[in-house]
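Me: I would like to learn how to read a structure feature by feature. Could you walk me through one?

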Amino acid sequence: MQAYRARYLFPVTSPPLRDAVLTCDHLIRAVGQNVSGKPAVDLGNVAIVPALINAHAHLELSEFAAPLGDPARGFPAWIREVVAWRRVQAQSHSPEELANRRRAAIHRGELESAAAGVHVVGDIASSVDAPQPLHVPKRYLFREILGLRTAREEELFQHAQNFLKSRQGGVGISPHAPYTVGIDLLARLAKLSAQRHVPLAMHLAESAEELELLRSHSGAFYALLTELEAWDPAAFPRGINVLEYLKILAQGHRALVIHGNYLTSSEIDFIAAAAEKLSVVYCPRTHAYFRHSRYPLVELLAKEVNVALGTDSRASNPDLNLWNEMRYVADAFPEISLDAILRMGTVNGADALGLSRCGDLRENAYAGLAIVDLPDDDATDPHELLFDARSQVRSVLAPK
Ligand SMILES: [Zn+2]
């Protein structure tokens with residue numbers, strides 16, 4: 001057991017403490033007290049915050065030095081770039097080489113996440129050969145299910161079932177998006193999620209083109225899916241809307257609505273009413289990359305929706321640094337309190353993933369801690385010091 005003294009502790013679910021001590025081994029034993037029986041290690045001018053939770057990423061796409069494509073051409077054109085990239089990869093590498101590359105990319109993403117103070121990543125895996133996670137960060141692994149053609153429904157459902165049988169704990173299922181997963185398959189996956197008590201994660205209400213496809217079986221996604229020979233008019237009825245998808249997701253154990261960039265007021269009301277099941281994951285800089293309409297963050301928070309933060313992948317984001325996402329939100333939404341932003345990057349992510357002992361500093365929670373170097377100034381609200389441009393995540397402490 002060890003005690004640490006810091007200029008500030010940010011427990012998140014209780015007010016910040018100045019010049020305070022935290023005692024932990026693998027669990028937090030005391031907040032504000034040294035119960036270790038020996039002197040505290042003085043960390044100096046730092047803040048101790050709960051290690052961050054990146055609720056949505058695709059670590060297997062961590063090899064990109066810069067985001068893919070040209071965002072001005074729209075989201076479906078970006079999806080076309082990702083598909084083309086995957087095809088070139090498949091043609092130019094043996095399956096073994098591909099698996100090695102994927103593993104290397106995942107490890108790169110893990111190391112980058114850990115350096116940014118991230119303790120848990122809600123990671124989407126497109127294949128079953130994902131490597132064993134490192135100690136930090138923990139990867140909460142969602143098996144991606146993708147294939148719109150109704151003829152593939154049974155095969156894809158089996159993939160999900162087999163994945164859940166092959167792994168224990170920290171797993172979920174990700175029906176990719178409405179334009180890649182038919183409505184009947186989604187309903188089966190939601191039922192599976194409820195039976196197995198695992199979360200779902202689905203990209204939903206992400207782009208205007210997705211809504212157009214749902215509304216009228218037309219537009220840029222229709223053209224792309226037809227070109228890829230992936231379109232199936234039986235996958236979902238024309239005129240269906242996002243609310244129908246939310247109703248199905250709410251039948252699962254719990255679900256993460258990834259993005260939700262274009263959620264309407266009535267859809268936000270539905271999510272708020274199903275708050276024990278549904279969370280929304282906002283990916284701020286990916287949202288900005290695609291120049292979507294203004295994110296409905298103020299309305300989501302006003303209705304007490306649980307909003308977590310994600311980086312999405314390096315294919316649409318310059319890095320995997322969740323701290324940078326939080327700073328971005330602070331700049332883009334000055335009307336939102338810094339305390340609410342800290343929650344989004346910590347305890348809200350834990351709630352979204354159903355992790356009851358992560359995301360805040362309290363007795364018996366896991367001792368995943370991020371240490372943040374603070375500037376020398378004073379501020380009336382310590383959150384201002386925490387989110388100051390000069391503050392830096394120094395390290396993440398995660399005793400075994
Ligand atoms: Zn994503």
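This is a predicted model: local features need pLDDT of at least 70, side-chain atom pairs count only at pLDDT 80 or more; totals for chains, interfaces and linings use all residues.

Me: Let's begin with charges. How many salt bridges does a search of the whole structure find?

Reply: The search gives 25 salt bridges.

Me: Are E112 and R314 buried or exposed?

Reply: E112 and R314 are both buried. Now look at D123 and R139, which also meet through their side chains in a salt bridge, 3.0 Å from N to O. Here D123 sits in strand β7 (residues 118–125) and R139 in strand β8 (residues 138–145), so the parts tied together are 16 residues apart in sequence. D123 has a relative accessibility of 1% and counts as buried; R139, with a relative accessible area of 6%, is buried too.

Me: Which residues do salt bridges that share partners join into one network?

Reply: R7, R18 and D378 are joined in that way. For a pair in another setting, go to R29 and D25, with a salt bridge of 3.0 Å, N to O, between their side chains. R29 is partly exposed at a relative accessible area of 29%, and D25 counts as partly exposed at 21%.

Me: Which residues of α3 are buried, and where do they fall around the axis?

Reply: The buried ones are E153, L156, F157, A160, F163 and L164. Looking down the axis of α3, you find its buried residues within an arc of 120 degrees, so they line one face of the helix.

Me: Now the aromatic rings. What describes a pair of aromatic rings?

Reply: The distance of the centres and the angle of the planes describe such a pair. In this model the count comes to 15 aromatic pairs. One of them is W78 with F290, an edge-to-face pair with 5.3 Å centre to centre and 80 degrees between the planes. W78 lies in helix α1 (residues 75–92), while F290 lies in the loop between α9 (284–289) and α10 (297–302), so the pair ties together parts that are 212 residues apart in sequence. Both W78 and F290 are buried.

Y282 and F333 make another edge-to-face pair, at 6.4 Å centre to centre and 85 degrees between the planes. This pair links distant parts of the chain, with Y282 in strand β12 and F333 in the loop between α11 and α12 (338–345), 51 residues apart. Y282 and F333 are both buried.

Me: Which residues form one aromatic cluster?

Reply: That cluster is formed by F75, W78, Y179, F221, Y289 and F290.

Me: And how would I read a single residue? Where is S279 found, and what does its side chain make a polar contact with?

Reply: Go from element to accessibility to partners. S279 is in strand β12 (residues 278–282) and counts as buried at 4% relative accessibility. Its side chain makes a polar contact with the side chain of N306, at 2.9 Å. Leaving aside neighbours within four places in sequence, S279 is in contact with A255, L256, V257, N306 and A352.

Me: Let me try L52. Is it buried or exposed?

Reply: L52, in strand β6 (residues 52–57), counts as buried at 0% relative accessibility. L52 and W323 are 271 residues apart in sequence, yet 8.0 Å apart in space, C-alpha to C-alpha. Beyond its neighbours within four places in sequence, the contacts of L52 include A116, V118, W323, M326 and T346.

Notes: Residues are numbered from 1 along each chain as its sequence is written. Side-chain values use heavy atoms; hydrogens and water are left out. Helices (H or I, at least four residues) and strands (E, at least two) are DSSP runs, numbered from the N terminus. Buried means under 20% relative accessible area, exposed over 50%, partly exposed in between (1.4 Å probe, protein chains only). A polar contact is a pair of N or O atoms within 3.5 Å; within protein, one must be able to donate a hydrogen and the other to accept it, and residues adjacent in sequence count only if both atoms are side-chain atoms. Contact means heavy atoms within 4.5 Å. A salt bridge is a side-chain nitrogen of Lys or Arg within 4 Å of a carboxyl oxygen of Asp or Glu. The arc is that of the directions from the helix axis to the C-beta atoms. Rings of Phe, Tyr and Trp (its six-membered ring) pair if their centres lie within 6.5 Å; planes under 30 degrees apart count as stacked, over 60 as edge-to-face and the rest as tilted.
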